[in-house]
Structures are given as structure tokens and as C-alpha cells.
Amino acid sequence: MWIFEVLGFGQKGWGGLLIVAALMTLCVTTVALIIGAILGTMVAAAKLSGNKFLRTLGNIYTTVFRGVPELLIIYLIYFGGSGAVTAIGRYLGYEGFLGLPSFAAGALAVGIISGAYQAEVYRGAFLAIPKGELEAAEAIGMHRGLRFRRIIAPQVLRFAIPGIGNVWQLSLKDSALVSVTGLADLMRTSQVAAGSTRQYLLFFVVGGCLYLVLTALSDRLFTGAERRANRSMPSSFSQA
Amino acid sequence: MLQDQQIDNATATANRLSVRNIRKSFGELEVLRGISLEAHDGDVISILGSSGSGKSTFLRCINLLEIADEGEIWVDGEQIQMVKKQGKNIPVSSRQVDHIRAELGMVFQSFNLWSHMTILQNLIEGPVHVLKRPRAECIAEAEALLEKVGIAEKRHAYPAHLSGGQQQRAAIARSLAMKPKVMLFDEPTSALDPELVGEVLRVMRSLAEEGMTMLVVTHEMSFARNVSNRVIFMREGQIDSDGAPETMFSDAASPAFRQFIGSFRG
């Protein structure tokens, strides 16, 4: 059977490369999620702060990076960033094109976009914390840092899990766009495999299935985390 | 003049709680118009008044959840340091504010237990993280407190799984775990179903009998009358009348207070 041959792990098989590519997709998305979590926390804090300048800055961030196509951001960071690096190289006497590493550029681009969505998730989660619980923390003598660590952060995480699960799924699919930079992720590898074997239908279906496997598995992970985090809620809540 | 001030400060130092001429406005609205109060060790003071009279704001000013625009506050002999900024008081040191708050127990109308922690975790949170005391010791004390307020069997439950009365008793125990110098109660039974009010009042009563200094903003006339040793009636941001319950609930009371109680008897 030729299908087993092209999909297998033998010399002519693409199986091994596809698995590696799926792991690459997972890696880019994970790094992007972490970058997004850091940016998202800062942007959410800015949007919730009393400082008007910070609030405006936060609003601009979420408006721009949710409003501009993902592909454009990726191009901007990869080619724009490479252009800047090349210019610096020329200044230092190096002639020729200098590229940003495609993994770093891709993870950064997807992370920046993910950060815009995560900021909204964290902001909503913060607002979901009952005001009285924050007041009780103040009243017992907790300083600002302690309140954040013991009362705010755990509850923000709890309320944010469903939203973060959503952002993860979006980022996983956005990461396919990183293939335009030549990174051998699942999208790019499926494309190359399809092109070189001329089995377009087969490889795009297989690529799609692998994406589905990744999203389905991670969805289960997030549902589990959500159930765990909701132990403290009334029973009607955890069933939802 | 200077001597008067010194004598004055001496009483403030001797008292558990001393509040001098507190004023607070929200925008144009002046909510507190010069309130003073001295609480001695073991005093149980009920603060009565119709809604909007400023009694909750007064209580919140004491532990600085609201910052009074003017006035002095002393807790157990220590004055809260303030500076004037654009004519309004601002605390000098947030560290002192936290330290004062840790000495004042606050019980809220809506309980405000931390919903992501079990009851036991709620109780040890302050002692372990604010007072930095050894965990094992705090757990032992917390369990004794839960026993005392009658919810020992709920120690590993989350607040959402408790009735309102149980939550409020847990909230009182959480405040007590900090070994406060003064307990402040902000309408502790107002959010409870009528049949659950009794269990919370019983806990408060036993606290009063143990000699805890308490300020209680309440609508429970029987508590004010039978448990407290002093009743303060607030009206339009000022203290209308102030006295022992025997005199306050007699014919000698001010007309405004008599009218206020009358509205309760229906």
C-alpha cells in the first residue's frame, strides 16, 4: 500500500517529519502562550490601572493587535525585524541579508497577538473577583503584593482558565501562519510533503487531522483544569 | 492649651480606640460631620441609625477602608499618622495602615470570605501571611476557633457550600484568628435569612461576655439593648445621642431616637 509508504517512518515516509512538525507547532504555540501571558498580564494591569496614560496605552495595544490580521503582524515582525537587523548589519560592515530566526519571530508574533486576547481574559477575570473579598484582604492587613499573590492571582487564574483555553486554540491555529517564514511546523511540512509527493488531498487531510488531535487533546487538558479550579464553587457552577 | 492636648492624648493612649472629630465627604455630599468616640477595653458599642446616616462609613473610616478627610484615629494607644494633601488626610505610611488594620477585626455584611480557600485556609491566611506566625500553631488555634463558633465540621468546606449564618460565623472566626484589639461589625446580620440571625448574634454575645471590645453597626435592637453597654445613635453624619442602653431606650431618649425606634416596632 503506497499510503503506508508515504505516511510511514521508512525512507520514503513523511510520518517522522510530520510528528516532528506537530511538536514544532506545539512548541511555537506554547512559547507564544507564555509570551502572551506576560504581555497580557501587563496590558490587563495597565487597562485596570487608575493612570489614564497607562489605560490608553493598554487600549491601543488590544485594539491594534486584535484588529490587524495575524498574517500582517507575522510579516511585520519577521520581514520588518529582519530588515532592521540587516540595516544594523550593513552599518557594521556586513553586506547581505540577515534574517531573524523564524522560530523566535513566529513565537513573538503569535505571542503578541495572543497577549492582546489574554489581556481581555485577565481583565474580565479580575473584574469577576467579588469586591468584598479584596476589601477583606485589605481589612486583615495584607499589603498590596500579598493581596495580589494570595487573593487576586489565584482567582484570576481560576476565572481565566476557560478564556485561556480559547486563546490557546486560536494561537495553535495562528501558528500555522508562521509557516510563511519557512519554519517547519505542521502546516509547512504538510505543504512540502504534499508538493513533493503530489498527494495534496492526502497530506492536507492528514495535517488537518493532526491539528485536530492537538486541539482535542489540549481541550481535554483545559477542561480538566477548569473542573479542578471550580472545586470551590457551588455545585451548579462546576457542572456547567 | 498645650497641657490640655497632652491630657487629651493621654486618654487616647489609654483607650482601646479613640476617634476625634472625623469628617468625610464624597464629592459634594458630607457623610460624616465631625464624629468622636472613645472606646475602653471591653466596651460593646452599638451604632444605630437609619440608612444614609453615615454609620457604615464611620466604621470603614476606622480601619481606613475609607480615609477620613479630617480627624484623628488612635488604636490601642497608637495614632495613625496622616498628612494633609489639598486639605484632605492621607496616611503617611502604608506599612502603619496595614499594621493597624491587622489589629482591627472587621466583619462585613456580605461575609467576604475568600471563595477559593477552604474555611480553615481562610482562618489561617492572615495569621500565617500577615503576622508570619508558624503554620502548625495557627492551624491549632483556627480549629479551636471553629469549634467555638460551632462549625468545626466545616473546616475543609469552601465558603460557597455553607449557609449564610455559617459563613458569617466563619468570617467572625477569621477576624478573631488575628487576635484583634477591637472588633468592628458592619451590619453583620443584615444579609441573613431571619432564622439564621440568632446563631450569629449568639457568637457575638459570647464574644462580648469574654470582654472583647466591639463596635457594632446594627439594626438588631435586642442586641443593642441587651448586649451592648453603650448605644450611639447617628443622624445625618453626626452623633445625635449617646448613652447606656437603659437611658437610651427610656423616655429620656432624644425625640429623633424615639422616632427611629418607633419605626422598628412598626
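**Exercise 1.** Find out which residues are linked with Arg16(B) in a network of salt bridges.

*Solution.* Start with the rule: a salt bridge is a side-chain nitrogen of Lys or Arg within 4 Å of a carboxyl oxygen of Asp or Glu. The network links Arg16(B) with Asp41(B), Asp76(B), Glu103(B) and Lys181(B). Over all chains, the structure holds 24 salt bridges.

A word on the ground rules: this is a predicted model, where local features need pLDDT of at least 70, side-chain atom pairs count only at pLDDT 80 or more, and totals for chains, interfaces and linings use all residues. Side-chain values use heavy atoms, with hydrogens and water left out, residues are numbered from 1 along each chain as its sequence is written, and chains are lettered from A and ligands numbered from 1 in the order in which they are written.

**Exercise 2.** Work out what the salt bridge between Glu135(A) and Arg60(B) joins.

*Solution.* First, the distance: N to O is 2.7 Å for this pair. Next, the places: Glu135(A) sits in helix α6 of chain A and Arg60(B) in helix α2 of chain B, so the pair joins two chains. (Helices are DSSP runs of H or I with at least four residues, strands are runs of E with at least two, and both are numbered from the N terminus.) Last, the cover: Arg60(B) is buried, at a relative accessible area of 15%. Here buried means under 20% relative accessible area, exposed over 50%, and partly exposed in between, using a 1.4 Å probe and protein chains only.

**Exercise 3.** Now look at Glu187(B) and Lys55(B), and say which parts of chain B their salt bridge ties together.

*Solution.* The side chains meet at 3.8 Å, N to O. Glu187(B) belongs to the loop between β9 and α7 (194-209), while Lys55(B) is in helix α2, so the pair ties together parts that are 132 residues apart in sequence. Check the cover too: Glu187(B) is buried at 11%, and Lys55(B) is buried at 4%.

**Exercise 4.** Is Asn63(B) buried or exposed, and what does it contact?

*Solution.* Go to the loop between α2 (55-62) and β4 (70-75) of chain B, where you'll find Asn63(B). With a relative accessibility of 0%, Asn63(B) is buried. Then list its contacts (heavy atoms within 4.5 Å), skipping neighbours within four places in sequence: Ala139(A), Arg101(B), Leu104(B), Met106(B) and Leu184(B).

**Exercise 5.** Say where Tyr75(A) lies and whether it is buried, partly exposed or exposed.

*Solution.* Tyr75(A) is part of helix α4 (residues 70-91) of chain A. Its relative accessibility is 35%, so Tyr75(A) counts as partly exposed.
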